[in-house]
Amino acid sequence: MERSLQRDSIPTNRIERYMARMPSLPVTVNRVMEICNSPSTSPYDLNRVISLDPVLTGQVLRLVNSAYYGLRNEVTSLPRAIIMLGMNTIKNLVVSSAILSTMSGRDDVHALDMDAFWLHSLSAAVAAKRLAACIKIPAENQEEYFVGGLLHDLGKIPLNSLFPSEYAEIMAEAPQKGTDLCEKERKFLGIDHTQVGGMIAEKWKLGVAIEDCLRLHHESLSASERNVDRVRIVALADLCARRFGPDNAGTCCFDEEAVDMMRLALSIDQTDLDDLRETMADEIEKAMIFLHIAGGDHGDKD
Amino acid sequence: MGIRIKFWGVRGSIPSPGPDTVRYGGNTICLEARCGKADRLVIIDAGSGIRSLGNSLMAADVADGLREVDIFLTHTHWDHILGFPFFAPLYIPGMTVRIHGSSSYEENHLEKVIGGQFMYRYFPVRVEELASIIEYVELGEGAFDLGEGLLLRTKRLNHPVSCMGYRFECDGKSFATVFDMEPFQNLFEAEKSGSAFDERLAREGEETAAEQNRLVETFYAGADLIIHDAQYTRREYHTARKGWGHSAVEDVIEAAQGNRVKRLALIHHDPERTDDQIDELAGKFHTEGSSDEVMDVFFAREGMEITL
């Protein structure tokens with residue numbers, strides 16, 4: 001029998017409370033601690049380790065875009081945030097997120113394999129940046145596409161942590177196609193990960209462009225005119241990460257038709273997509289070396 | 001009318017009493033400002049200088065009925081908060097002490113840091129035992145109407161902890177506090193030959209630092225007085241003191257001169273700096289003026305009073 005939560009009973013305040021103290025991903029924790037506890041922390045390493053973790057990236061951008069700074073335009077660049085906030089504030093912030101991660105424990109039974117989640121997020125980030133280059137986005141703006149890809153599934157983390165048994169059922173039932181997963185989430189929990197992602201982006205003031213990436217990557221035709229290309233790039237990056245990414249091993253369902261539609265809408269050549277596989281593999285390998293973690297078989301995950 | 005300012009502590013880092021600091025003073029930073037027709041009291045920072053200020057208030061203002069005090073903390077490093085438990089008005093029943101300070105990524109961090117001093121392990125009075133009420137007001141960047149014609153603008157500064165610059169405006173006069181402050185820096189490798197050089201990071205780092213420094217200058221531009229961190233000389237700064245969060249006298253003067261500042265008080269004197277050394281620096285850098293063309297530059301001295 002399905003155990004679904006009633007729509008009215010979805011405790012969005014629980015999600016909001018969780019958002020305020022969201023743990024970093026287990027895969028980055030050790031390296032975060034190592035870098036932050038070094039007496040001579042390199043800003044380059046600090047930037048790198050944060051940019052490999054969607055939660056840390058979101059938290060740093062949240063702080064710099066909060067009332068903390070009186071900014072007129074959102075900051076979507078980590079290096080900029082690091083200089084504005086200073087190394088100590090950033091180190092304190094990311095260490096607190098990392099500590100929360102160690103406290104939540106790697107062995108908790110959650111539906112989402114967090115290592116696979118990390119691989120998928122990073123694959124989508126790498127793909128989004130590469131695809132942005134394909135449509136001639138200037139180099140200085142390509143990092144924003146990386147961030148959009150990195151953060152696109154952030155909404156899954158609160159759902160997975162707050163409703164572990166329900167989410168396990170959702171993951172067991174949902175075919176590995178994004179739209180179906182959203183339907184299942186809404187059916188079981190009354191809310192889906194794109195809506196939760198939109199809540200996070202809104203609450204953390206990550207800006208409309210990133211908010212649209214989180215909220216609309218499964219319905220990229222709904223994006224506003226201003227952000228339509230960005231959302232489509234992230235949506236295509238998500239699909240490509242599922243197809244080519246190491247989190248997937250190419251075994252899950254893959255919507256060829258959706259990819260073609262998106263690719264044509266963005267005027268991206270098939271050969272550019274073919275090149276993505278190698279780019280993603282290279283970048284994942286570099287990230288693993290940087291994080292001092294071993295590679296290997298990462299299974300078949302969403 | 002206007003604004004009157006008194007320096008109760010001008011030293012940086014740690015109280016430095018002794019025969020070598022008698023003339024400029026050894027107490028860490030605390031300023032008293034009296035603003036407008038209402039003679040509104042504003043205190044900036046609670047370094048060791050706040051003890052004498054508290055005693056002075058007890059003898060006059062508190063006896064005359066003062067029951068609300070506003071303290072604006074620039075940041076929570078020890079030298080700026082260590083005098084707070086010795087601030088006598090805290091022990092007056094019916095007194096409300098409002099602590100204003102920079103917001104942080106942590107919730108209620110001001111209360112944790114300032115209230116946290118009142119524990120038996122640090123001090124013989126617990127916060128629950130205080131006769132006064134302490135309220136905490138966390139500020140982001142912005143503009144705030146403090147009432148009685150007093151306006152406050154805030155700007156984040158570059159220091160190894162969240163640190164706020166304050167600009168107070170009243171009766172057409174203004175003064176700004178810019179401490180503790182080191183100019184924003186590009187933290188990323190700028191040398192093309194460096195092993196960690198990344199062109200995008202280097203460019204973004206340079207642009208961001210320059211932009212933030214411009215914003216700090218805009219924040220204090222046109223003020224009748226700025227009170228600015230100048231702990232080092234340029235030579236000292238470039239000798240293993242980069243990243244410590246403080247400015248060099250020469251850099252501060254240059255920046256202020258280009259921004260229509262009328263008077264510049266240099267503060268946060270290094271604890272190792274003797275009176276004679278400050279006199280020597282004053283001989284080199286002091287100028288008298290108080291107009292847009294010729295800026296008055298002086299080294300702040302404990303007990304000094306200025307009327308704007």
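Trainee: Is Phe123(B) buried or exposed in this model?

Mentor: The model is predicted. Residues under 20% relative accessible area are taken as buried. Phe123(B) has a relative accessible area of 12%, so Phe123(B) is buried. Phe118(B) also counts as buried, at 3% relative accessibility.

Trainee: How are aromatic rings read as a pair?

Mentor: A pair of aromatic rings is described by the distance of the centres and the angle of the planes. Over all chains, the structure holds 9 aromatic pairs. In one of them, the ring centres of Phe72(B) and Phe168(B) are 5.3 Å apart and the planes stand at 80°, so this pair is edge-to-face.

Trainee: Which parts of chain B does the pair of Phe72(B) and Phe168(B) tie together?

Mentor: Phe72(B) belongs to strand E4 (residues 68-72) of chain B and Phe168(B) to strand E9 (residues 164-170) of chain B, so the pair ties together parts that are 96 residues apart in sequence. Phe72(B) is buried with a relative accessible area of 1%, and Phe168(B) is buried with 0%. The rings of Phe118(B) and Phe123(B) are read in the same way: with centres 5.8 Å apart and planes at 90°, the pair is edge-to-face.

Trainee: Which residues form one aromatic cluster?

Mentor: Phe72(B), Tyr166(B), Phe168(B) and Phe175(B) do.

Trainee: Where does the charged end of Arg31(A) sit?

Mentor: A charge over a ring is judged by its distance from the ring centre and its angle to the ring normal. The charged end of Arg31(A) sits over the ring of Phe290(A), 4.6 Å from the centre of that ring. In chain B, the charged end of Arg301(B) sits over the ring of Tyr24(B), at 4.4 Å from its centre.

Trainee: How many residues of helix H2 of chain A are buried?

Mentor: Helix H2 (residues 26-36) of chain A is mostly covered, with 8 of its 11 residues buried. Among them are Arg31(A), Val32(A), Ile35(A) and Cys36(A).

Trainee: With which residues is Tyr18(A) in contact, leaving aside its neighbours within four places in sequence?

Mentor: Start with the position of the residue. Tyr18(A) is found in helix H1 (residues 12-20) of chain A and counts as buried, at 14% relative accessibility. Beyond those neighbours, Tyr18(A) is in contact with Pro23(A), Ile157(A), Pro158(A), Ser161(A) and Leu162(A). Tyr18(A) and Pro158(A) are 140 residues apart along the chain, yet their C-alpha atoms are separated by 6.7 Å. With Ser161(A), the side chain of Tyr18(A) makes a polar contact, side chain to side chain, at 3.0 Å.

Trainee: How many residues of chain B are in contact with chain A?

Mentor: An interface can be read by its residues, its area and its contacts. Here 24 residues of chain B are in contact with 23 residues of chain A. The two chains bury about 2,200 Å² between them, 60% of it on carbon and sulfur atoms. Tyr105(B), Leu187(B) and Phe188(B) supply 31% of the area that chain B buries against chain A, more than any other three residues.

Trainee: How many salt bridges are found across the interface of chain B and chain A?

Mentor: The rule finds 2 salt bridges across that interface. Glu211(B) forms a salt bridge with Arg80(A), with the closest N and O atoms 3.0 Å apart.

Trainee: Which elements of chain B give two or more residues to the side that touches chain A?

Mentor: They are strand E8 (150-156) and helix H3 (199-220) of chain B. The largest share of that side, 9 residues, comes from H3(B).

How values were computed. Residues are numbered from 1 along each chain as its sequence is written. Chains are lettered from A and ligands numbered from 1 in the order in which they are written. This is a predicted model: local features need pLDDT of at least 70, side-chain atom pairs count only at pLDDT 80 or more; totals for chains, interfaces and linings use all residues. Side-chain values use heavy atoms; hydrogens and water are left out. Rings of Phe, Tyr and Trp (its six-membered ring) pair if their centres lie within 6.5 Å; planes under 30 degrees apart count as stacked, over 60 as edge-to-face and the rest as tilted. Helices (H or I, at least four residues) and strands (E, at least two) are DSSP runs, numbered from the N terminus. Buried means under 20% relative accessible area, exposed over 50%, partly exposed in between (1.4 Å probe, protein chains only). A charge sits over a ring if NZ of Lys or CZ of Arg is within 6 Å of the ring centre and within 35 degrees of the ring normal. Contact means heavy atoms within 4.5 Å. Buried area is the accessible area (1.4 Å probe) that two parts lose on being put together, summed over both. A salt bridge is a side-chain nitrogen of Lys or Arg within 4 Å of a carboxyl oxygen of Asp or Glu. A polar contact is a pair of N or O atoms within 3.5 Å; within protein, one must be able to donate a hydrogen and the other to accept it, and residues adjacent in sequence count only if both atoms are side-chain atoms.
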